[in-house]
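Open the model in your viewer and keep the selection tool to hand. The stops below can be taken in order.

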Amino acid sequence: MSEPLLQVEDLRVRFSTEDGIVHAVDGISYSVDTGHTVGIVGESGSGKSVSSLTMLGLTRNQGAEIEGRIMFDGRDLVTLPDDELRKIRGNEIAMIFQDPLSSLHPFYKVGSQLTEAIHTHRDVSKSAARDRAVELLDLVGIPDPRRRVDQFPHEFSGGMRQRVMIAMALANEPKLLIADEPTTALDVTVQAQILALLDDLQSRLGMAIIVITHDLGVVAEITDEIAVMYAGRIVERAPTRAIFGAPQHPYTWGLLKSIPRLDTPRDEELVPISGRPPSLIKRPSGCHFHPRCPYVRDAHRKVDPRLEPVPGDEGHAVACLLNPELRNRIWRGLASGETSATLRHLVVEEDHPVRAHAAPRTSEEDPA
Amino acid sequence: MFRYIVRRVLWGIAMLFIVSAVVFLIFYILPSADPAVLRAGRNAGPAQIAQIRHSLGLDLPIWHQYLNYMKQVFFHFNFGYSYQYNVPVRQLIFSRLPATIWLVTGAVIIWLGIGLSIGIISAVRRRSLIDRTSMTTSLALISAPVFWLGLVSLYLFADDIGRFPILPGQGSYAASSDFVSRFEAMILPWLVLAAATSAIYARYMRASMIDTMSEDYIRTARAKGLPERTVIMRHGVRSAITPIVTLIGLDVGTLLAGNAILTETVFNIPGVGRLLYNAISVSDLTTIQGITLFGAFFIVFFNLVVDIAYAYLDPRVRYS
């Protein structure tokens, strides 16, 4: 097996602010192969966007301290000079963003924004670039592209704008496409169309895709592998099937239980993950998830778990201090409809019970 | 787009009518002197004054007077007759207009050139030494009144009374005959007139640019791999300048009506502002009225230009 297209190794991104150092990304590693799709899932502030912006060098001018390696096609994007990196941006690695209206320049026609992307990296004639722009709009399923190419972004609907963004990203046939919350600002029906489009384009163009989202439901259909991020770290990484079939981390369980499903009874309530994402300046001790974890034990407040392989499940890694056998029992319980309140006794130590909500910010959670 | 322009033009005309009526009313209700008395000269008897009042139509009801005035303005472009100078007001204004246009045009070019570029540089190099220096300087310039700045600049640089006599000073414009000396004579007035406004524009532009550079589409432009220069100029400045354009129209108008008067007075430039100053000091009502209307016309005109320019600059406006 050859080298993966993209290999992120122990990437750390820190920002110095007046309040202290923000550890936005805290040692993440993953890789993406050509033709594969990886999902990065986490709440806002988990570092998922920062890690991909860093890949493109877009955090450099914001005073970020960057460590680790981002090997892309034989080059390290962390140490690459600005000008070299600029030639990769929009060319070999392209990115699409959350809000397609604010991400397109309001004063330029869609066509000129597309040809600009082409002219930046290719020495082609005006008419050739324009033909290519029309072709791209057609490729992403925009009807009547010859006419639409001369319209302004505000004349497009939300879904069509996101298609324009995708067309722009594809302009130079990138090897890697990063989609940062590509469907968050869109209607549910349009979301499905955009995801189907990405999936279809990948099978036709063969690029690698990274989908960043807070919504596990979004990535379920189109990813091969999923990395779940929490407080700047990857807490679980596994093939998509394993994430949904045998998730190992309490945070992943929480994400899964908070997805609304059609096949559950209507009176069954969605279970939110209690508490808020931690501050990335003063992070919780031990396992960063412990203040919000229903299965916390005293030791978890002191020991920082590392991402380790799950025994008997190849390609699956998790950073959790609970023992694997216990995790499987809890997940089986959750999957069959039990709640964390009833399953908590499984982890309670014999001599003294552990209060799950020791931290004050989770006090509203108490179900009893 | 065409309908939009027509609508703006009609609005502009309506605006001029309102302004003319208000101006007329002000001078009717609050005259600084009785025009008939002024015209009659010294030692005129009451009968003589009454006769003059009648011949000038000043004994007619106000609406009738207004109608007469507007008829003259509209059909003959006639703003009345100045009895102080003994020439038609139109001729007075036109003879003074070139100097004022010359003054204002130069000042606008300087203020936009300096103001906008400093604003852009300050925004891009935020918190740098150049940013802090220019923002502090701009605050000082905004706080300095034009007449004071004019006198200080004469005291420092005028070739007759200056400490560093390097530039032509007061009255040099009126005395100059060729283009070069006219240009030189204007350097100080231009700088003085442009100073405060360029300082304000530097601050506007800086704020607008900082806002724009944090927009998502700037991130998109960077993600495309555009060189930073292009990102700043084509994507950043293009957006940041749009709200500034609206201000330019307003400020050119106020410049003509306000600071130009002060600058022309300090530097003794024979422009419309200086004319207005003189007219006020001798209560030459028709001239004051004519210049006020003329000023209003310019303000309305520049606003119209700005509205149209804005629609051209921001495609979203065209369709609403």
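Predicted model: local features only at pLDDT ≥ 70, side-chain atom pairs only at ≥ 80, totals over all residues.

**Stop 1: the hairpin of chain A**

Select residues 6-17 of chain A, which are strand β1, and residues 64-72, which are strand β4. The two strands run antiparallel and are joined by eight bridges. For a landmark, show R14(A), which stands opposite E65(A) in β4(A).

How many residues lie between β1(A) and β2(A) in the hairpin they form? There are two residues between these strands. F15(A) can be found opposite V22(A) in β2(A).

**Stop 2: the eight-stranded sheet**

Next, colour the open sheet of chain A, whose eight strands follow the order β6-β7-β8-β3-β9-β10-β12-β11 with mixed pairing. Which strands of chain A are the edge strands? They are β6 (93-96) and β11 (308-309), each of which pairs on one side only.

Strand β12 of chain A, residues 317-318, runs antiparallel to β11(A) and is joined to β11(A) by two bridges. Select P309(A) and A317(A) to see one pair of bridge partners.

Then bring up helix α7, residues 158-170 of chain A, which packs on the sheet and touches β6 and β7 (176-180). The direction of α7(A) makes about 170 degrees with that of β6(A).

A further helix to select is α11, residues 250-257 of chain A. Helix α11(A) lies across β3 (37-41), β9 (225-230) and β10 (233-239), and runs at about 105 degrees to β9(A).

**Stop 3: a pair of helices in chain A**

Select α4 (110-121) of chain A and helix α5, residues 126-139 of chain A. Their axes are 9 Å apart, and the helices pack at an angle of about 115 degrees, so α4(A) is roughly perpendicular to α5(A). The crossing of α4(A) past α5(A) is right-handed.

Show side chains for the residues that meet here:

- from α4(A): G111(A), L114(A), T115(A), I118(A) and H119(A)
- from α5(A): A129(A), R130(A), R132(A), A133(A) and L136(A)

By class, this contact of α4(A) with α5(A) has five nonpolar, three polar and two charged residues.

**Stop 4: where chain A meets chain B**

Keep α4(A) selected and show both chains. The contact takes 22 residues from chain A and 17 residues from chain B. On the chain A side, α2 (82-88), α3 (100-103) and α4 (110-121) are the elements that give two or more residues. Which of the elements provides the largest share of the chain A side? That is α4(A), with four residues. The chain A side divides into nine nonpolar, eight polar and five charged residues.

**Stop 5**

In the contact, 22 residues of domain 1 of chain B meet 19 residues of domain 2 of chain B.

Select the side of domain 1 that touches domain 2. At least two residues each come from α1 (2-29), α2 (35-40) and β1 (81-82) of chain B. Helix α1(B) gives the most, 11 residues. This side of domain 1 of chain B has 15 nonpolar, six polar and one charged residues.

Definitions and conventions
Residues numbered from 1 in each chain as written. Chains lettered and ligands numbered in written order. Contact = placed C-beta atoms within 7 Å. Nonpolar A, V, L, I, M, F, W, Y, C, P; charged D, E, K, R; others polar. Pairing = 2+ DSSP bridges. Axes fitted to C-alpha atoms, helices over the stretch in contact; angles between N-to-C directions. Parallel < 35°, antiparallel > 145°, perpendicular 65-115°, else oblique. Left-handed = near helix turned anticlockwise from the far one by under 90°.
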